[in-house]
Amino acid sequence: MRLHDLKPRPGSRHRRKRLGQGESSGHGKTSGRGGKGQTARSGSSIRIGFEGGQMPLIRRIPKRGFNNKAFATRYIPVNLEELNQFDDGATVDESALRSSGLASGTGRWIKILGTGELTRKLKVTAHAFSASARTKIEKLGGACQLIAAKVEKERNSAPGRKPAQPK
């Protein structure tokens, strides 16, 4: 095989669509741009949701309510089955779980779930335990210890400040 024998793989190259080559080409007259108007012009772009000057749907619908998603408590789930990689009698805490890669993610709290079987006696420290995980750990003689989550102070609770009295 020589350099002049090399060819691209079949189907990897496409012909360029040639616009404006007469009506019988299928891409003549308006060259695939449809009729006249704003979108037929070059450089035209209409933002998403624009309704031609009519009040847009997103502004016509009333906005009510509150969404608590930003303030929700998100746990990183860790299954019991995965804790078998630690030695018998070991203390499994947040730093051990994160360094072993079992608790990876952006969540702040760790929850131990009861999926799978535990075969070792462990002292597990986490922010939350499912009921089945707690019973399985304690059945083998292990211990479950909760980490108290730090409660953030409210904005208005400055020292010595009294709450507003109803009028």
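This is a predicted model: local features need pLDDT of at least 70, side-chain atom pairs count only at pLDDT 80 or more; totals for chains, interfaces and linings use all residues.
**Entry 1**

Residues are numbered from 1 along each chain as its sequence is written, and side-chain values use heavy atoms, with hydrogens and water left out.

**Entry 2: aromatic pairs**

I found two aromatic pairs in the structure. Rings of Phe, Tyr and Trp (its six-membered ring) pair if their centres lie within 6.5 Å; planes under 30 degrees apart count as stacked, over 60 as edge-to-face and the rest as tilted. Phe66 and Phe71 are stacked, with 6.2 Å from centre to centre and 15° between the planes. Both Phe66 and Phe71 are exposed (buried means under 20% relative accessible area, exposed over 50%, partly exposed in between, with a 1.4 Å probe and protein chains only).

The pair of Tyr75 and Trp109 is tilted, because the planes stand at 55°, with the ring centres 6.4 Å apart. This pair links distant parts of the chain, as Tyr75 lies in strand E1 and Trp109 in strand E3, 34 residues apart. I looked up the accessibility too: Tyr75 has 38% and so counts as partly exposed, whereas Trp109 has 17% and counts as buried.

**Entry 3: the sheet**

I then followed the strands. Helices (H or I, at least four residues) and strands (E, at least two) are DSSP runs, numbered from the N terminus. Three strands make an open sheet in the order E1-E3-E5, with parallel pairing; two strands pair if DSSP finds at least two bridges between them. E1 (75–79) and E5 (128–129) stand at the edges with a single partner strand each, so one side of each has no neighbour in the sheet.

E1 and E3 are joined by five bridges in the parallel sense, and Asn79 has Leu113 as its bridge partner in E3. E3 (residues 109–113) and E5 run parallel and share two bridges. Lys111, the residue of my first entry, stands opposite Ala128 in E5.

**Entry 4: the core**

Which residues touch the most other members of the largest nonpolar core? I noted Val78, Leu83, Phe86, Leu97, Ile112 and Ile137, out of 20 residues in that core. E1, helix H2 (94–100), E3, strand E4 (123–126) and helix H3 (131–139) each supply at least two residues of this core. A nonpolar core is a set of buried Ala, Val, Leu, Ile, Met, Phe, Trp, Tyr and Cys residues joined through side-chain atoms within 4.5 Å.

I checked Leu83 for contacts (heavy atoms within 4.5 Å). Leaving out residues up to four places away in sequence, Leu83 touches Val78, Val92, Leu97, Leu102, Ile112, Leu118, Leu122 and Val124.

**Entry 5: the whole chain**

I ended with the protein chain, which has three helices and six strands. From the N terminus on, the elements run α-β-β-α-β-β-β-α-β. Of its 167 residues, 20% count as buried.
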